[in-house]
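Please look over the sequence and the model before reading on.

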Amino acid sequence: MRGGFGLFALVTCAVWADGQKSGAEAHKVMETLRNLMSSLEEEAKSTDSLDAARVSQCAEVQSKQQAAMAQQKAALTILDTDLQEYQAAVEEAQGSIDQINATAQKWNDEASTVQRITRDRDESFGKEQSELNSTILRVGKALRGADAKSALDLRQSLSDFAHKKDAVEQVHRDSEVR
């Protein structure tokens with residue numbers, strides 16, 4: 001609009017300076033300038049409305065972009081929270097795995113101990129069995145010979161055997177308890 005006013009002033013000055021032209025020509029020039037000024041004002045209004053529409057459109061786009069960014073930020077926050085929960089679950093699972101491994105190792109150690117005790121008991125039982133066989137042989141001799149000394153030895157052997165048998169049974173009970 002300012003450009004239109006400047007052009008109007010410039011032309012008016014040019015017409016005024018050219019005093020030798022007739023009034024009819026000046027009137028035509030003035031009328032043309034008024035029409036030009038009116039066209040410029042209408043174009044300015046049209047441009048202003050286009051600019052307002054563009055500003056409104058830009059504001060709408062900017063608002064949508066800000067809303068989309070806010071949604072993305074919220075989604076990112078949710079994903080971050082989910083990631084932290086998954087990491088915590090992984091750590092918990094690892095703790096469970098470590099506990100299971102520790103328990104399995106304890107069971108393996110206990111199984112080894114039971115195997116050792118069983119082996120020791122079986123060896124002891126084998127010795128006791130051998131002693132029992134020896135005692136039975138002596139009993140047989142004592143019965144055949146009716147030897148008094150052999151009978152006393154037999155009684156002592158049976159007593160010793162009973163004590164050893166009780167000890168072996170106690171070890172066996174103890175190993176079952178473990």
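## Salt bridges

The structure, a predicted model, contains two salt bridges. A salt bridge here is a side-chain nitrogen of Lys or Arg within 4 Å of a carboxyl oxygen of Asp or Glu.

One of them joins Glu31 to Arg34, with 3.7 Å between the closest N and O atoms. Both residues belong to helix α2 (residues 23–145), where Glu31 and Arg34 are three residues apart, about one turn of the helix. Glu60 is paired with Lys64, and here the closest N and O atoms are 3.4 Å apart. Glu60 and Lys64 also both lie in helix α2, four residues apart, about one turn of the helix.

## Exposure of the paired residues

Residues are sorted by relative accessible area: buried is under 20%, exposed is over 50%, and partly exposed is in between (1.4 Å probe, protein chains only). Glu31 counts as partly exposed because its relative accessibility is 33%. Arg34 has 45% and is partly exposed.

In the other pair, Glu60 is partly exposed at 44%, whereas Lys64 is exposed at 54%.

## The chain as a whole

The chain has three helices and zero strands, and its elements run α-α-α from the N terminus on. Helices (H or I, at least four residues) and strands (E, at least two) are DSSP runs, numbered from the N terminus.

Of the 178 residues in the chain, 8% count as buried. The chain exposes about 14,600 Å², of which carbon and sulfur atoms supply 58%; these areas come from the Shrake-Rupley method with a 1.4 Å probe, and for residues only the protein chains shown count as cover.

## Confidence in the model

The predictor's confidence in each residue is called pLDDT and runs from 0 to 100. Its mean over the chain is 76, and 72% of the residues reach 70 or more. Where pLDDT is low, the predicted coordinates should not be read in detail.

## Notes on the values

Residues are numbered from 1 along each chain as its sequence is written, and side-chain values use heavy atoms, leaving out hydrogens and water. Because this is a predicted model, local features need pLDDT of at least 70 and side-chain atom pairs count only at pLDDT 80 or more, while totals for chains, interfaces and linings use all residues.
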